[in-house]
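Hi,

Here is the structure I promised to pass on.

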Amino acid sequence: MSDGVGPTLVTQKPAAYLLDDQIGFILRQVAQRHAAIFAAGVQAEVTSTQWAALSKLYEVGPLSQNLLGRLTVMDAATIKGVVDRLSKRGLTDTRAAPDDGRRRLVTLTQDGCALVERLMPQANCITEETLAPLDQRERDMLKALLSRLR
């Protein structure tokens, strides 16, 4: 009962909500761990968003800036900034798409290709270190389950 002076004390707690058991919290912790591993591995050369753009361009070839953003899960403003910074470093080139001058086509330059090829082994090591606590069966299961949650 409150006397109107101080806060009312709750004597019975609602159903338990333990932050440490919540999937969003666990995913955030895992993402932070992976980000730290990434930063120790290649952050001096590229950010994680830059790496995503570079590696996707290397994987599939030239893309519209819009499609590159969608394939790397970046909004329009973010992918524009990423591409602008990569282009300023000479790693990507942008030009109007031949079939539609309103679209920006993004391609890797020779320097961009060389950087991706040089960093790929490190990127694979980063993935390996992130997944190190899991055996192969667990890794496959984790990837499958997370893919279902996309």
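The sheet is open and has three strands, in the order β1-β3-β2, with antiparallel pairing. Two strands count as paired if DSSP finds at least two bridges between them, and the elements themselves are DSSP runs numbered from the N terminus: helices are H or I with at least four residues, strands are E with at least two. At the edges sit β1 (63-64) and β2 (92-97), each of which pairs on one side only.

Before going on, a word on where this comes from: it is a predicted model, so local features need pLDDT of at least 70 and side-chain atom pairs count only at pLDDT 80 or more, while totals for chains, interfaces and linings use all residues. Residues are numbered from 1 along each chain as its sequence is written, and side-chain values use heavy atoms, with hydrogens and water left out.

Back to the strands. β2 and β3 (residues 100-108) are joined in the antiparallel sense over six bridges, and the two form a hairpin with two residues between them.

α2 lies across β1, β2 and β3 and runs at about 95° to β3; axes here are lines fitted to C-alpha atoms (for helices, over the stretch in contact), and angles run from 0 to 180 degrees between N-to-C directions. α4 also packs on the sheet, where α4 touches β2 and β3, and its direction makes about 120° with that of β2.

How do α2 and α4 pack against each other? Helix α2 (residues 48-60) meets helix α4 (residues 76-88) at an angle of about 80°, and the axes are 10 Å apart. That makes the pair roughly perpendicular (65 to 115 degrees; under 35 is roughly parallel, over 145 roughly antiparallel, and the rest oblique). On the α2 side the contact (heavy atoms within 4.5 Å) uses T49, Q50, A53 and L54, and on the α4 side I79, V82, R85 and L86. Those residues divide into five nonpolar, two polar and one charged (nonpolar: Ala, Val, Leu, Ile, Met, Phe, Trp, Tyr, Cys and Pro; charged: Asp, Glu, Lys and Arg; polar: the others, Gly among them).

Next, the core. The largest nonpolar core has 23 residues, and V46, W51, L54, L68 and I79 touch the most other members. Such a core is a set of buried Ala, Val, Leu, Ile, Met, Phe, Trp, Tyr and Cys residues joined through side-chain atoms within 4.5 Å. α1 (23-41), α2, α4, β3 and α5 (110-131) each give two or more residues to this core, and α5 gives the most, with five. Leaving out residues up to four places away in sequence, L68 touches A53, K56, L57, L63, I79, V83 and V106.

Finally, two single residues. T107, in strand β3, is buried at a relative accessible area of 11% (buried is under 20%, exposed over 50%, partly exposed in between, with a 1.4 Å probe and protein chains only). Q122, in helix α5, is partly exposed at 30% relative accessibility. With residues up to four places away in sequence not counted, Q122 touches G41 and V42.

Cheers
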